[in-house]
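Here is a short briefing on one protein model.

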Amino acid sequence: MTETDPESAEIERTAVTETSEEDESSEADDLPSLRITADYQFGAGAGTALFPRDEELEIRRSSSGRPQQVHADGTRLVTYATDGRFTLGLAGGARLADVLDSPAGRVVVGDESEPFVRDGKNVFAKFVDEADGDIRAGDEVLVTHENGDLLAVGRAELDADAILDFTTGMAVKVRDSASE
């Protein structure tokens with residue numbers, strides 16, 4: 001047996017397209033359920049935006065075979081957490097930003113905090129100009145500049161009302177930003 005790097009020993013990587021007939025283990029069967037989960041979590045159309053039918057996606061699996069991460073063109077779109085929800089990579093956030101009407105799924109900041117958020121710093125409530133009214137604490141959100149540029153993705157620490165009302169405290173824990 002040849003020795004492999006530790007990461008590849010723990011995570012099985014599989015390139016998947018739904019049109020692929022060469023993979024008999026039906027890896028492409030995961031994509032419809034991943035799309036449904038994305039639509040539920042982010043809104044209608046999110047599943048197709050994140051996982052297009054005509055694109056080759058790489059699904060990285062846990063040692064138990066559960067889908068763990070989905071990559072396209074070498075970049076992470078999402079991680080599928082054990083709680084059944086996605087955490088976004090910046091590439092996945094960009095795909096969502098293209099299909100979700102603003103302010104859906106977004107926390108919007110102005111010029112004052114833009115350079116800090118772009119550098120991966122967390123978003124504080126006092127610098128938020130606008131937020132989707134449906135955001136709940138723990139939701140995955142897009143952090144955008146008031147001009148529409150995607151700056152980062154992360155986890156909301158407060159619900160929408162609190163984000164807009166508070167003058168102190170962290171609004172979004174940034175996970176991945178435009179400069180990283």
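A surface patch here is made of residues with over 30% relative accessible area and no salt bridge, with like charges joined within 9 Å and nonpolar side chains (Val, Leu, Ile, Met, Phe, Trp, Tyr) joined within 5 Å. Asp111, Asp129, Glu130 and Glu146 form a negative patch of this kind. The model is predicted: local features need pLDDT of at least 70, side-chain atom pairs count only at pLDDT 80 or more, and totals for chains, interfaces and linings use all residues. Residues are numbered from 1 along each chain as its sequence is written, and side-chain values use heavy atoms, with hydrogens and water left out.

**Negative patch**

- Asp and Glu count as negative and Lys and Arg as positive, while His and the chain ends are not counted.
- Each charge is placed at NZ of Lys, CZ of Arg, CG of Asp or CD of Glu.
- Accessible areas come from the Shrake-Rupley method with a 1.4 Å probe, and for residues only the protein chains shown count as cover.
- Glu130, one of the patch residues, lies in strand β8.
- Helices (H or I, at least four residues) and strands (E, at least two) are DSSP runs, numbered from the N terminus.
- Glu130 has 38% relative accessibility, so it counts as partly exposed.
- The classes are buried (under 20% relative accessible area), exposed (over 50%) and partly exposed (in between), with a 1.4 Å probe and protein chains only.

**Salt bridges**

- A salt bridge is a side-chain nitrogen of Lys or Arg within 4 Å of a carboxyl oxygen of Asp or Glu.
- The count by this rule is 8 salt bridges.
- Arg95 and Glu55 form one of them, at 2.7 Å from N to O.
- That pair links distant parts of the chain: Arg95 sits in helix α4, and Glu55 in the loop between α3 (46–50) and β2 (57–61), 40 residues apart.
- Arg95 is buried because its relative accessibility is 18%.
- Glu55 is buried too, with a relative accessible area of 16%.
- Asp139 and Arg85 also meet through their side chains, at 3.6 Å from N to O.
- This pair again links distant parts of the chain, 54 residues apart: Asp139 is in the loop between β8 (128–131) and β9 (140–145), and Arg85 in the loop between β4 (75–80) and β5 (86–88).
- Asp139 is buried at 13% relative accessibility, whereas Arg85 is partly exposed at 30%.
- Arg85, Arg136 and Asp139 are linked in a network of salt bridges.
- Glu157 pairs with Arg155, and their closest N and O atoms are 2.6 Å apart.
- Glu157 is partly exposed, with a relative accessible area of 31%, and Arg155 is partly exposed at 32%.

**Helix α4**

- Which residues of helix α4 (residues 90–99) are buried? They are Gly92, Gly93, Arg95 and Leu96.
- Seen down the axis of α4, these buried residues fall within an arc of 160°, so they line one face of the helix.
- The arc is that of the directions from the helix axis to the C-beta atoms.
- An α-helix has 3.6 residues a turn, so residues three or four places apart point the same way.

**Contacts between separate stretches of chain**

- Val143 is in strand β9 and is buried, at 0% relative accessibility.
- Ala162 belongs to helix α6 (residues 160–165) and is buried, with a relative accessible area of 13%.
- Ala162 and Ala125 are 37 residues apart in sequence, and 8.1 Å apart from C-alpha to C-alpha.
- Ala178 falls in the segment after β11 (170–177) and is partly exposed, at 34% relative accessibility.
- Ala178 and Leu150 are 28 residues apart in sequence, and 7.4 Å apart from C-alpha to C-alpha.

**Backbone geometry**

- Most residues other than glycine have a negative phi, and most peptide bonds are trans.
- Ser102 and Pro103 are joined by a cis peptide bond, with omega about 10°.
- Pro103 is in the loop between α4 and β6 (106–109).
- Asp73 is not a glycine, yet its phi is positive, near 55°.
- Asp73 lies in the loop between β3 (67–72) and β4, and is exposed at 72% relative accessibility.
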